[in-house]
Amino acid sequence: MTPVHLAGPKLALREIKPEDTEALLAIYGDAEATRHLSFEPRTPEQIQAIVDRSIASATDTPGTEYCLANSRRGEHQLIGYARLATEPQQAATIGFALHPAEWGRGLGTETVHLLCALGFRTLGLHHIWAARSPLNEASARTLLRAGMTEDGRIRDHVFVRGAWRDSITYSILEHEWAPIDDLDAANRPSAVLPDASGGPER
């Protein structure tokens, strides 16, 4: 599978690298960052397993799971983790997490747009959906700003922190998605671009 590299106005999505492990631990190992996620803070060993699985999934052909590092455009440091997993009938589910230091800057909305660009433009999908914790109002605003529509509630969807938790679901169809302006600029993510250097994008 050709390596993924998608750039937006402020952010870029790229393949996970072994050197991303520590930065991912700072997100997935943090209680605040994972407060609304479907799992409790991960251990270093669990983070290493996520990195290993993410790297392995990038070699699958055809690709069914895209596990990507989120970084500021032009930089390599991981500030978030984004995932798109394909489903039957030209559909996929997406999810992402950002380091708490990056919250409140509109980066979540751009992340959703980049994942939609991957799904709709590159993979030819028709339907993309996401789910959030009922208490995560910031995520609700992010998904709605990105053009998604609230669909409903899945009761007792995940078991986390010793209790069942509902999820609120959102979706967007290919004809409903309108990319933000800079996605149509010179670096528009209309294709999955190879990293010609063979090394990290910097």
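**Notebook: threonine 109 and beyond**

I opened with threonine 109, which is buried with a relative accessible area of 12%. For the whole notebook, buried means under 20% relative accessible area, exposed over 50% and partly exposed in between, using a 1.4 Å probe and protein chains only. The model is a predicted one: local features need pLDDT of at least 70 and side-chain atom pairs count only at pLDDT 80 or more, while totals for chains, interfaces and linings use all residues. Residues are numbered from 1 along each chain as its sequence is written, and side-chain values use heavy atoms, with hydrogens and water left out.

**Entry 1: helix 3**

I looked up where threonine 109 sits, and its place is in helix 3, residues 107–122. Helices here are DSSP runs of H or I with at least four residues, strands are runs of E with at least two, and both are numbered from the N terminus. Which residues does threonine 109 touch, not counting those up to four places away in sequence? I found Thr142, Arg145 and Ala146, where contact means heavy atoms within 4.5 Å.

Next I checked the helix as a whole. 14 of the 16 residues of helix 3 are buried, so the rest of the structure largely encloses it. How far apart are the end C-alpha atoms of helix 3? They are 21 Å apart, which agrees with the 22 Å that its 16 residues should span at 1.5 Å a residue; the expected span is 1.5 Å times one less than the number of residues. After helix 3 comes glycine 124, with a positive phi near 70°.

**Entry 2: the whole chain**

I stepped back to the fold and counted 4 helices and 8 strands in the protein chain. Along the sequence, they follow the pattern β-β-α-α-β-β-β-α-β-α-β-β. Of the 202 residues, 46% count as buried. Among contacts with a separation of 6 or more, 64% come from residues 24 or more positions apart. I noted an accessible surface of about 9900 Å² for the protein chain, 51% of it belonging to carbon and sulfur atoms; these areas come from the Shrake-Rupley method with a 1.4 Å probe, and for residues only the protein chains shown count as cover.

**Entry 3: aromatic rings**

How many aromatic pairs does a search of the whole structure find? It finds 4, where rings of Phe, Tyr and Trp (its six-membered ring) pair if their centres lie within 6.5 Å, with planes under 30 degrees apart counted as stacked, over 60 as edge-to-face and the rest as tilted. One of these joins tyrosine 28 and phenylalanine 39 edge-to-face, at 5.0 Å centre to centre and 80° between the planes. Tyrosine 28 lies in helix 1 (residues 21–28) and phenylalanine 39 in the loop between helix 1 and helix 2 (44–57), so the pair ties together parts 11 residues apart in sequence. Both partners get the buried label: tyrosine 28 at 9% relative accessibility, phenylalanine 39 at 15%.

I then looked at phenylalanine 159 and tryptophan 164, whose ring centres are 5.2 Å apart with planes at 65°, so this pair is edge-to-face too. Tryptophan 164 is exposed, at 52% relative accessibility.

Back at phenylalanine 39, I found that Tyr28, Phe39 and Tyr81 form one aromatic cluster. Arginine 42 lies over the face of phenylalanine 39, at 4.1 Å from the ring centre; a charge sits over a ring if NZ of Lys or CZ of Arg is within 6 Å of the ring centre and within 35 degrees of the ring normal.

Which two residues does a cis peptide bond join? They are threonine 61 and proline 62, with omega about -5°. Proline 62 lies in the loop between helix 2 and strand 3 (65–72).

Glutamine 89 has a positive phi near 65°. I placed glutamine 89 in the loop between strand 4 (78–87) and strand 5 (91–98), where it is exposed at 74% relative accessibility. Arginine 161 also has a positive phi, about 55°, and is found in the loop between strand 7 (149–160) and strand 8 (163–173). At 38%, arginine 161 is partly exposed.

**Entry 4: arginine 35**

I followed arginine 161 to arginine 35, which is in contact with Trp103 and Arg161, leaving aside neighbours within four places in sequence. Arginine 35 sits in the loop between helix 1 and helix 2 and is partly exposed at 42% relative accessibility.
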